[in-house]
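Let's take a walk through a protein together, one step at a time. Have a look at the picture below, and then read on.

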Amino acid sequence: MDSIFKILLAAIIVILVIWLVLANIRIVPQAYAVVLERLGAYKETWNTGIHFKIPFIERVARRVNLKEQVVDFPPQPVITKDNVTMQIDTVVFFQITDPKLFAYGVENPIMAIENLSATTLRNIIGDMELDETLTSREVINTKMRASLDVATDPWGIKVNRVELKNIIPPAAIQDAMEKQMKAERERREAILKAEGEKRSTILVAEGNKQSVILDAEAEKQAAILRAEAQKEKMIREAEGQAEAVLKVQNATAEGIRMIKEAGADQAVLTMKSLEALTKMSDGQATKIIIPSEIQGLAGLATSMKEILSDAEKK
């Protein structure tokens, strides 16, 4: 009986020892850190890997996430420089850089960041008017990030980015802004329409101008062509007349040459002269002046004509 009891007791002790050993082994995963305390005081920070703590003396004070985290804070009421109350909500991107400072620096870091961002936002917006607030998101984000980063540095927190998620002005301001935007759009539409009409008028005028210029240019070209055609016609007529005169002269010269080659005597020449006088008498002239040297030839021609007539009768 005693031996069985001793065996059971030994087994229980072994199980307790194994459990105690396993319970004090810690494996820290990637992107996490563990803050260890010994007898209530900070001992060290465990990084990625396997670690063992002394039972009942050491304890894990805090398990810290080293990844970049995002916190979306609810809308905060802020007042602008021109006394307009707006609701603005912010999104903060932060990362824990020192687990020890994060564990012992502030009681509730997330709440501290929220309150700090609200007060910082009120200070920044309080120096700006409504229109400037609506158009200066990047400036506000930069100022808030710089201010929060400095304030959270003693807590082991680095603020990487701060973004204004929504800026919600009062309903009356929203209505006024919508009316203003509508009026601005109508003004731009009117300007664009006027610019279009102006451009259209200019284009039509330019078209008419170009049309008149083209018509005048066409008329000019037509006049030039007509003048060139008339000039060509006159040149061809002159060339024709010159060619006709040349041919007449050539024919006359050829006739004279042929007469000379035929050995025509003075009587033949006289007959030709008489034929020329006959043609001259066919005109409308009432008086013909015959040179004295031709009169003798005319009498001779008459006598020769009579002799030929008598010979024919016989």
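What share of the contacts in the protein with a separation of 6 or more comes from residues 24 or more positions apart? Such residues account for 63% of those contacts, where contact means heavy atoms within 4.5 Å. Before we go on, please note that this is a predicted model, in which local features need pLDDT of at least 70 and side-chain atom pairs count only at pLDDT 80 or more, while totals for chains, interfaces and linings use all residues. Residues are numbered from 1 along each chain as its sequence is written, and side-chain values use heavy atoms, leaving out hydrogens and water.

Now for the overall picture. The protein has eight helices and nine strands; these are DSSP runs numbered from the N terminus, with helices (H or I) of at least four residues and strands (E) of at least two. Of its 314 residues, 20% are buried. Buried means under 20% relative accessible area, exposed means over 50%, and partly exposed lies in between (1.4 Å probe, protein chains only).

Let's visit a buried residue. Threonine 133 lies in helix α4 (residues 130-134), and it counts as buried because its relative accessibility is 0%. Leaving aside residues up to four places away in sequence, threonine 133 touches Thr80, Met86, Ile125, Met128, Ile140 and Ile167.

Next, the surface. A nonpolar patch there covers about 1,200 Å², and its members include Phe5, Leu9, Ile18, Ile50 and Phe52. Patches are made of residues with over 30% relative accessible area and no salt bridge, with like charges joined within 9 Å and nonpolar side chains (Val, Leu, Ile, Met, Phe, Trp, Tyr) within 5 Å. A salt bridge is a side-chain nitrogen of Lys or Arg within 4 Å of a carboxyl oxygen of Asp or Glu. Helix α1 gives the most to the nonpolar patch, with eight residues. Isoleucine 18 is found in helix α1 and, at 48% relative accessibility, counts as partly exposed.

Finally, the rings. There is one aromatic pair, meaning ring centres of Phe, Tyr or Trp (its six-membered ring) within 6.5 Å; planes under 30 degrees apart count as stacked, over 60 as edge-to-face and the rest as tilted. Tyrosine 42 and tyrosine 104 have ring centres 6.1 Å apart and planes at 85°, so they are edge-to-face. This pair links distant parts of the chain, strand β3 and helix α2, 62 residues apart.

Note on methods:
Areas by Shrake-Rupley, 256 points an atom, 1.4 Å probe, with all protein chains shown as cover.
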